[in-house]
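Q: Please show me how to read some features of a protein model, one at a time.
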Number of protein chains: 2
Amino acid sequence: MDFAIEPPERADRERGGAGRGGTNGRRGAPLYQQIAEQIRDAVRRRELVSGARLPAIRDLAARLQVHRDTVGLAYESLASEGWVETRVGRGTFVSGPVSSAPIDPPLSPLVSRLLDHSESRTPHAVPSDTIAFHALVPDPDLFPVDAFRRSLNDALATGGADLLGYADGGEAGLREVIAAHLAQHGIAAEPDAVVTCQGASQGLSLVARAFAAPGDAIAVEEPTYQAALGILIGVGLRPEPVPTHAAGDEPGVDLEALERVLAQPSVKAFYTMPTFHNPLGITTGREHRRRLLAIAAAAGKPIVEDACAIDLRFRGRSVPPLAALDDSGLVLPLFSFSKSLFPGVRCGAVLARGRSLEALRALKRATDLGDARTLQAAVASFVRSGHYRRHLQQWRRTLAVRCDAMLEALQEHLPRDLRWVAPEGGYQIWVELPRDLDAREVHAAALRAGVLIAPGDQFHVAGRRARGFRLVYAQSDPEEIREGIVRLAGVIDQLRTASVAAKGRAVNVGGTHG
Amino acid sequence: MDFAIEPPERADRERGGAGRGGTNGRRGAPLYQQIAEQIRDAVRRRELVSGARLPAIRDLAARLQVHRDTVGLAYESLASEGWVETRVGRGTFVSGPVSSAPIDPPLSPLVSRLLDHSESRTPHAVPSDTIAFHALVPDPDLFPVDAFRRSLNDALATGGADLLGYADGGEAGLREVIAAHLAQHGIAAEPDAVVTCQGASQGLSLVARAFAAPGDAIAVEEPTYQAALGILIGVGLRPEPVPTHAAGDEPGVDLEALERVLAQPSVKAFYTMPTFHNPLGITTGREHRRRLLAIAAAAGKPIVEDACAIDLRFRGRSVPPLAALDDSGLVLPLFSFSKSLFPGVRCGAVLARGRSLEALRALKRATDLGDARTLQAAVASFVRSGHYRRHLQQWRRTLAVRCDAMLEALQEHLPRDLRWVAPEGGYQIWVELPRDLDAREVHAAALRAGVLIAPGDQFHVAGRRARGFRLVYAQSDPEEIREGIVRLAGVIDQLRTASVAAKGRAVNVGGTHG
């Protein structure tokens, strides 16, 4: 047993002894306390482990050139604090932890379900030379970091210490900015109706908890935003899938199926993303929206409208959000700066009124006592100074260029029997596969070829199969996009050749018996 | 019906016309689109409300000096988008919202319970000349705002766009800093064991959800941190109170009662604040901690240790946190910078291992996809550069001075039969009342006298009465503290005089019948 310990220093020797370094943290304190503190440190650093015997008092006193009573006092004080135990006739030992056999307390069944869900969706590590079409995240190379830093400094210079206090209800300036911004999309809301939250994802977990109790269900589009599935499962809810189509007579959620699902008493709300749907990339028309609202109103079930992409239209004409078509309070829109600015500010919002609004405020308070006002004030300043508008203009132009590059490459290289719909905004294109191709196989083969795509299954409730995959063009420049699609086309070609060859063999084998 | 609309401008006229202002947002676009966009704007601004009739095509064409077909095209395009409806022979009308009768969808019963709880605890508005002893918040005048702003700029300069991306698992630098900091308190943890969260309050809601499902209970000290009650109720849990004493033979939670409560199958964990307890201000001894750990280990129930105040000791010797005495993994410590630095950064953490750690990570991801890394990196930089240590030294000195000022004033002015325990750290002193005084009455009378205190009931499960109140000395300077205690003493004196007078009257009244 050995550990680092230095002779204590008397207070009157301290002034001259600047060269001693910091190991003896309490110079100037009584000698016995300096010794005790060094022993405590050694226990904390685990140089002295539980059960270790301390040096005999006279030995340590000799080593440290102090009186035995000083060491005795140090040991007594450690014993009284419980750091060491004196066993009569045997010496002084470092106390052991009270409980040491590992205990893994049982988890809530709700959480076990969430862990099963999460483990079924563990993301791949991305090799560095891979072209990444899989993740719905903006391109960090285009983040307006400097302008944002200025906004952050402005906000702190103006708001000062106040911004670093508690954030009851969220920064007022950000709520004003969001209300004014959503008004431009036709959504009428007072700043007081805005509940800020950590990204729209937290908004969804709050709204889900407001209307549904564990065991209940929330209707979701299928396919849908995959994190939404985890969020709902995380609060003990069952996502109830409603078929949703990228193409056909009426793109969007199947309204007849929705009507049936919303009629179920256990289904408490509907989560939908009508504008630049994730993962389908489509935007529903106004007529579809009207019918959807009528169905929800008839069922008396709230609609959680994910409006996180509404600022990302780069062509075509805007369709009013569901929340702009509704005066009943049944639509709770979720907004976020994550896709249009950057995710790392975690600035999102949900709008509500009446008891729903009170419920969301109370839930937010009971979840984390509110958001970081510093970042909220910075985003508000960023928007007010026009930076956000300018950033959006540039970001939409970039998205349009990248989207076009991907559409052209798809047109040129992919087989004719694969289908996709050109988006008018957002980050992604959904590719629908013919029956002979399996999205998971395409995904695995593409990964080997250095392209990462998002196979459709991950946007489905666990265990349900999808016939397509999502491609994100937001993260790559046009050259990478073309290269990635060329590789993807090669992969699909190989899969088909292999499949035809396998069938050929199967026919041959069959032939010998026939 | 009138609304602002300007003549559209041809693209070739645009260059010269800088004086026009920004009302016509799409200069350079086709004329009909410019007109349509202005009408959309008017609908968004609600200058044109649902049901309003648009001007006849020929009238608007004349007014705007364009061809009728241009206005016709604008109206058609608005109709195809659903903004307006054309009724044959009657004109063109602004479309109404689809659903308009107000609908307040039914809330989850769990949330109704939370609302009842919240409404029972609505805080008072604080008149500006009131001396505030009621709120457990640090003093904004002492926030190191400039040093923090430098840390923020350093962090953004170093981390750049990366910090503004998604925050999977929390900023690595902050997790390292927290692990190293807690090691100084004897808590051994790898950075990977640290789950960052929005203040310790979110940590508690995550841990509670990890171990308990709605309908289950979590044991809490009574009195306890009042926000903890809302947090538990917010996730559908029942706080199960265990009596906890400020003074007596053994301050802290009643261990026999705890043993009985933890034996109940529905009780899934115990939330405790052994160091500078809120609201009692006390710190339990090592022996009490050992027995507590043994009880929890025997019951196999996890302990959520609120260690948010451990950096705030200003006198006496430190007692190891429960987590430092435990090697079993049964103790999950919560840490936060809210009380030692400032709340507004929302930087907290919970430590765990094994499946509990996986569960907390999954729950955090499913709650909000992670925290704002910018602020986390700034706090990490603030700690690493020594600012945090320096700030703590200063803040602890200030707390000691304020605490002493309050203790002296209490000693000098309060009646002898009121009792309190001098704290060794933290923000607050608990005052225990004799039977003839009611904490709610003292609170109400003190508020009228310009002093705000926190009556004990708010730290109890709803409906249960407390015999004391909490005084926070952290927010006021010594002079304010003395003045506040003088006023408080006056109030107590008056209440007693009034009570004696009332009893006297009661005796007199009784006398006429006796």
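A: Start with burial: a residue is buried at under 20% relative accessible area, exposed at over 50% and partly exposed in between, with a 1.4 Å probe and protein chains only. Strands (E, at least two residues) and helices (H or I, at least four residues) are DSSP runs, numbered from the N terminus. In strand 8 (residues 267-272) of chain B, five of the six residues are buried, so the strand is largely enclosed by the rest of the structure. This is a predicted model, in which local features need pLDDT of at least 70 and side-chain atom pairs pLDDT 80 or more, while totals for chains, interfaces and linings use all residues. Residues are numbered from 1 along each chain as its sequence is written, chains are lettered from A and ligands numbered from 1 in the order in which they are written, and side-chain values use heavy atoms, leaving out hydrogens and water.

Q: Which strands pair with strand 8 of chain B?
A: Two strands pair if DSSP finds at least two bridges between them. Strand 5 (residues 217-222) of chain B pairs with strand 8 of chain B in the parallel sense, over three bridges. Here A217(B) stands opposite V267(B). Strand 9 (residues 303-306) of chain B also pairs with strand 8 of chain B in the parallel sense over three bridges, and I303(B) is the bridge partner of F270(B).

Q: In what order do the four strands of the open sheet in chain B lie?
A: In general, side chains in a regular strand alternate between the two faces of the sheet. In chain B the order is 12-13-16-15, with antiparallel pairing. Strand 12 (419-420) and strand 15 (454-455) of chain B are the edge strands, each pairing on one side only. Five bridges join strand 13 (residues 428-432) and strand 16 (residues 468-472) of chain B in the antiparallel sense; W430(B) has R470(B) as its bridge partner in strand 16 of chain B.

Q: How is a pair of aromatic rings described?
A: By the distance of the centres and the angle of the planes. Rings of Phe, Tyr and Trp (its six-membered ring) pair if their centres lie within 6.5 Å; planes under 30 degrees apart are stacked, over 60 edge-to-face and the rest tilted. The count over all chains is 16 aromatic pairs. One of them is the edge-to-face pair of F335(A) and F337(A), at 5.2 Å centre to centre and 80 degrees between the planes. F337(A) also forms an edge-to-face pair with Y388(A), at 5.2 Å and 75 degrees. F337(A) lies in the loop between strand 10 (331-336) and strand 11 (347-351) of chain A, and Y388(A) in helix 14 (residues 387-413) of chain A, so this pair ties together parts that are 51 residues apart in sequence.

Q: Are F337(A) and Y388(A) buried or exposed?
A: F337(A) is buried, at 1% relative accessible area, and Y388(A) is buried at 2%.

Q: What does R175(A) reach with its side chain?
A: A polar contact is a pair of N or O atoms within 3.5 Å; within protein, one must be able to donate a hydrogen and the other to accept it, and residues adjacent in sequence count only if both atoms are side-chain atoms. The side chain of R175(A) reaches the backbone oxygen of G170(A) at 3.2 Å. R175(A) is in helix 7 (residues 172-183) of chain A and is buried, with a relative accessible area of 13%.
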